[in-house]
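Subject: Handover of a structure

Dear colleague,

Please find below the structure that I am handing over to you.

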Amino acid sequence: MSAEIEHQYILFSLGEEEYALPIVLVDEIIKIHNLVKVPRSKNYFAGIMDIRGKVVKMVDLGVKLNIPHSHEQGYDRAIVVKIGGESVGIIVDKVANVALFPPETINPPPPSIKGISSRYITGVGKKDDRFIILIDIEKILGSEELAELGAGVK
């Protein structure tokens, strides 16, 4: 059972592309409400949000990876992940579902995809007739980025 969980990924979209991240990193999927902007912060730092009494930093993954959003109607959904023991909300365009990608179904990453460096990509999975980019959220939001986001936000 635990081996199967290791191969499960949460699918989401940013712009026109589909991405996935390991479900073992995901705490929950939330609807965004009461997002508080933090003045003079990084452009990809959308703000902070109270999730059941905990202050959670919210990152706009599209801005961080330089991917234009598919719509301009504001933030709707976020995937809350655990990175370095800290909860971080990853704002995405749409959260789809959970998919299984056993290691033998994952191809190595190309040098870059749509401007995303291969160092942020763990591989490319295939679901039906679509390619899904498997991202390494821990590299995208490393400890340096998290530290930069909120010296005063704890």
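The protein chain contains four helices and 13 strands; both are DSSP runs numbered from the N terminus, helices being H or I with at least four residues and strands E with at least two. Please note that this is a predicted model, in which local features need pLDDT of at least 70 and side-chain atom pairs count only at pLDDT 80 or more, while totals for chains, interfaces and linings use all residues. Residues are numbered from 1 along each chain as its sequence is written, and side-chain values use heavy atoms, with hydrogens and water left out.

Of the 154 residues in the protein chain, 44% count as buried (under 20% relative accessible area, with exposed over 50% and partly exposed in between, using a 1.4 Å probe and protein chains only). The chain exposes about 8400 Å², of which carbon and sulfur atoms supply 50%; these areas come from the Shrake-Rupley method with a 1.4 Å probe.

Strands count as paired if DSSP finds at least two bridges between them. S4 and strand S5 (residues 54-60) pair in the antiparallel sense over six bridges, and glycine 47 stands opposite methionine 58 in S5.

The largest nonpolar core has 28 residues, of which Phe12, Leu61, Ile135, Ile137 and Leu141 touch the most other members. Such a core is a set of buried Ala, Val, Leu, Ile, Met, Phe, Trp, Tyr and Cys residues joined through side-chain atoms within 4.5 Å. Among the elements that give two or more residues to this core are strand S1 (8-14), strand S13 (130-135) and helix H3 (137-140). Leaving aside neighbours within four places in sequence, isoleucine 137 is in contact (heavy atoms within 4.5 Å) with Leu25, Leu61, Ile83 and Ile90. Another core, of 10 residues, lies apart from the largest one and includes Ile30, Ile32, Val56 and Val80.

Finally, glutamate 4 lies in helix H1 (residues 2-6). This glutamate 4 counts as partly exposed because its relative accessibility is 42%. Glutamate 4 and phenylalanine 101 are 97 residues apart in sequence and 9.1 Å apart in space, C-alpha to C-alpha.

A colleague
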